[in-house]
Amino acid sequence: MTAEPILHHYPVSPFAEKIRAILGYKKLAWRSVDIPMILPKPDVVALTGGYRRTPLLQIGADVYCDTALVARVLERVAPEPSIYPEGDTLAVQAAAHFADSVLFNIAIPVGFQPGGMLKLFLPDATPEFLKKFAEDRAAMRVGGTVRRGPLNECKANLAAVLARVEAQLRGPFLFGAKPTVADFSLYHVLWSVYKPSIARPALDPFPKTVALIERIAAFGHGRSTPLSSTEALEISRNAKPVPIEKPQALETDGIALGETAEVMPVDNALVPVRGELLHAGADEIALRRSDPRAGTVVVHFPRFGYQMKKCQA
């Protein structure tokens, strides 16, 4: 029996909203761990080894990073209703990737402009916290390839993309009558524009897009119950990772299974996670690592969008 999924997240995170919406669509019960928005994150580090992005999905002693992988894991946990109703196709994945990467970096400056998402979700946030939040996110982009233009350029680019989204919507969802993972990727990006009143007028010329946002929001978030990060670490410490079926070492540049490797994203949040390489297939990388508080865990990453290198044990 699969352990209950545990989502490590915080309310204002758009990527976390993507996964919360998928949990709602699949009507899943899950445990909710509220994590800090900025460093330090000692319990997240204990569980992952330093992975910087939010959210994380924990199932027992297995930890899944990046929503592209988390979505596929939730599909395995609950195949119906499917977020790949016509299969895991190139068109769907391309649309999801575009939304999660390109459109995200266009929409975030609009949704998180002064008076936007942070004001809505954290009305009592001090200027000191807002300054630290901005510094934390700027640090995540150091050395990476993510670039965000000024607000006026983002608004112009957003309007251009939304016109094409509107043209794509010949039915209730991007690819027809049923939602795909691409709809959830589009939803969470535009959620950050839809929620704050200061940003929402950017959506007014696009009624079909607004209807899609509201349609997905209506799925809700499933059935969540709170869990402390200390309790989540106790769960991982008392569990065993699920054995990997048919482990591979596909195109690892000489890194053998069992050797120590480091994995991190290719575009931003360039903080490596170190562990014993258990698997490197076409879709997924898995590292085993140990921590005094988390125990022995396996941290999973998608292959696409991540880089791996050999390191000394």
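**Labels and their cut-offs**

Trainee: Why is Phe-219 called partly exposed?

Mentor: Phe-219 has 25% relative accessibility. Buried means under 20% relative accessible area, exposed over 50%, and partly exposed in between (1.4 Å probe, protein chains only). Phe-219 therefore counts as partly exposed. Two notes on the source: this is a predicted model, where local features need pLDDT of at least 70 and side-chain atom pairs count only at pLDDT 80 or more, while totals for chains, interfaces and linings use all residues. Residues are numbered from 1 along each chain as its sequence is written, and side-chain values use heavy atoms, with hydrogens and water left out.

Trainee: Which label does Tyr-25 get, buried or exposed?

Mentor: Tyr-25 has a relative accessible area of 12%, so it is buried.

Trainee: What makes Tyr-25 and Phe-219 an aromatic pair, and what kind is it?

Mentor: Rings of Phe, Tyr and Trp (its six-membered ring) pair if their centres lie within 6.5 Å; planes under 30 degrees apart count as stacked, over 60 as edge-to-face and the rest as tilted. Here the centres are 4.8 Å apart and the planes make 45°, which is tilted. Tyr-25 is in helix α1 (residues 14–25) and Phe-219 in the loop between α9 (207–217) and β5 (223–226), 194 residues apart. Helices (H or I, at least four residues) and strands (E, at least two) are DSSP runs, numbered from the N terminus. Tyr-25 and Phe-219 also form one aromatic cluster with Phe-184.

Trainee: How do you know that Arg-215 lies over the face of Phe-173?

Mentor: A charge sits over a ring if NZ of Lys or CZ of Arg is within 6 Å of the ring centre and within 35 degrees of the ring normal. Arg-215 is at 5.8 Å from the ring centre of Phe-173 and is listed as lying over its face.

Trainee: Why is α4 called roughly parallel to α8?

Mentor: The axes of α4 (residues 90–111) and α8 (residues 181–194) cross at roughly 5° and come within 8 Å. Axes are lines fitted to C-alpha atoms, for helices over the stretch in contact (heavy atoms within 4.5 Å), and angles run from 0 to 180 degrees between N-to-C directions. Angles under 35 degrees count as roughly parallel, over 145 as roughly antiparallel, 65 to 115 as roughly perpendicular and the rest as oblique. Therefore α4 is roughly parallel to α8.

Trainee: Which label does Asp-253 get, buried or exposed?

Mentor: Asp-253 has 80% relative accessibility, so it counts as exposed. Asp-253 sits in the loop between α10 and β6.
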